[in-house]
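Welcome! Keep the view open as you read.

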Amino acid sequence: MHEINWIDDSFDLKNTSDYHLSIQIGLDGFSYVLLDTRINKYLVFQHIPLIVGKAQFLSRKTEAIFEQDERLNHSFKSVAVTFSTNKVTLIPKEFNEGSEIQKIASLINEVGRTEEQHIDELPGFNYQLISSYPKELMAVLNRKYTDFTFRHKSVPLIQTTVEQRDEKKNTLMINFEKKYIRMIAFKNMQISLYNSFYFKNEPDFLYYTLNIWQNLMFDPDRDEILVGGFVADDSSYIRQLKKYVSNIRFLKPADGFNYGALFSKIQKHQFVSLLNTYVCG
């Protein structure tokens, strides 16, 4: 994914107190959008690809972006930050003690000395997400903004999928990220699978997808796949998948917002988790 920097003609730094800022940070890049909440119109979209091998180096990259981008150095009506990592675990809500949750999560994903854990509630589901993020990254964000919400990237992805899926069908959501695919399966109105898989090519992708599809006993003619993330709608990955599954759709940004000419040249499903962060509340 190449760098993108688009600004609507109506953007004005004097009006940032009326703007909502959504930021998404991960090894696949630093992205943000500015939304004019008075007219529900997106005015700025910036995506900066990052060459970062490990999450602990993200804080320096993020701080450098803050220093260089004047648009980020203002006060906003509200700020939301989503963090993208595959060090995340889905845990039943009955495990509600902080130490108990952290112990379970650390058995699945090692938590380093420079990391902390974050818990996201998932309204409507009997699960919670626990993810790891670099301590220094949170320190950078706290120095920059006095008040902001912080979530794992999966939260807007799950909410978007729930709102756009066909409730009469089983649904597999696939989100393409830099080096892995994130898969979340919905069956009988509950999450039946949450996992991520590293992949290099089409055979890898098809192996993981079709294996999950078969194990969950989804119907290739009836059930559906919703796709988001860094994949073109006409890519060979999607063309190959259509040979096995009939119902494939792409996630869309929320209705009720003006995306204008700003987004006319991109496939919005590629940034749907960023664009739908605002409607997560």
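How many cavities of 30 Å³ or more does a search of the whole structure find? The search finds two. Please keep in mind that this is a predicted model.

**The largest cavity**

- The largest cavity holds about 50 Å³ of space.
- Its lining is made up of Q24, I25, G26, D28, G29, S31, H47, S84 and F230.
- Strand 2 and strand 3 each give at least two residues to this lining, and the largest share, three residues, belongs to strand 2.
- Sorted by class, the residues lining the largest cavity are two nonpolar, six polar and one charged.

**The second largest pocket**

- The second largest pocket has a volume of about 250 Å³.
- Lining this pocket are 17 residues, and those closest to its centre are F76, K77, S78, V79 and D147.
- Strand 5, which covers residues 78–84, contributes the most to the lining of the second largest pocket, with three residues.
- The lining of this pocket splits into six nonpolar, eight polar and three charged residues.

- The largest nonpolar core counts 30 residues, and L21, I23, I25, F30 and Y145 have the most contacts inside it.
- Several elements each bring at least two residues to this core: strand 2 (19–26), strand 3 (29–36), strand 4 (41–48), helix 1 (58–68), strand 5 and helix 3 (135–144).

- Why is helix 4 (residues 154–164) described as largely enclosed by the rest of the structure? It is because eight of its 11 residues are buried.
- The buried residues of helix 4 are S154, V155, P156, L157, I158, T160, T161 and Q164.
- N276 sits in the segment that follows helix 7 (272–275).
- With a relative accessible area of 2%, N276 falls under the 20% cut-off, so this residue is buried.
- Not counting residues up to four places away in sequence, N276 touches P156, T160, Q164, K252, P253 and A254.
- The side chains of N276 and T160 are joined by a polar contact of 2.9 Å, and the side chain of N276 also reaches the backbone nitrogen of A254 at 2.8 Å.
- N276 and D255 are 21 residues apart in sequence, while their C-alpha atoms lie 9.7 Å apart in space.

**D69, a buried loop residue**

- You can find D69 in the loop between helix 1 and strand 5.
- Is D69 buried or exposed? D69 counts as buried, because its relative accessibility is 11%.
- The side chain of D69 reaches the backbone nitrogen of R71 at 2.9 Å.
- D69 also touches Y32 and Q46, with residues up to four places away in sequence not counted.

- Most residues other than glycine have a negative phi.
- N40 has a positive phi near 55° and is a residue other than glycine.
- The loop between strand 3 and strand 4 is where N40 is found, and N40 is partly exposed, with a relative accessible area of 27%.
- M189 is not a glycine either, and its phi is positive at about 65°.
- M189 lies in the loop between strand 11 (180–187) and strand 12 (190–198), and at 41% relative accessibility it counts as partly exposed.

Conventions
Residues numbered from 1 in each chain as written. Predicted model: local features only at pLDDT ≥ 70, side-chain atom pairs only at ≥ 80, totals over all residues. Heavy atoms only, no water. 1 Å grid on protein atoms, 1.4 Å probe; cavity = no way out; pocket = protein on both sides within 12 Å on 5 of 7 lines; lining within 4 Å. Points joined across faces, edges and corners; volume = space filled by probe spheres on them. Helix = DSSP H or I, 4+ residues; strand = E, 2+ residues; numbered from the N terminus. Nonpolar A, V, L, I, M, F, W, Y, C, P; charged D, E, K, R; others polar. Buried < 20%, exposed > 50% of the residue type's maximum accessible area, 1.4 Å probe, protein only. Core = buried A, V, L, I, M, F, W, Y, C linked by side-chain atoms within 4.5 Å. Polar contact = N/O pair within 3.5 Å; in protein donor to acceptor, adjacent residues only side chain to side chain. Contact = heavy atoms within 4.5 Å.
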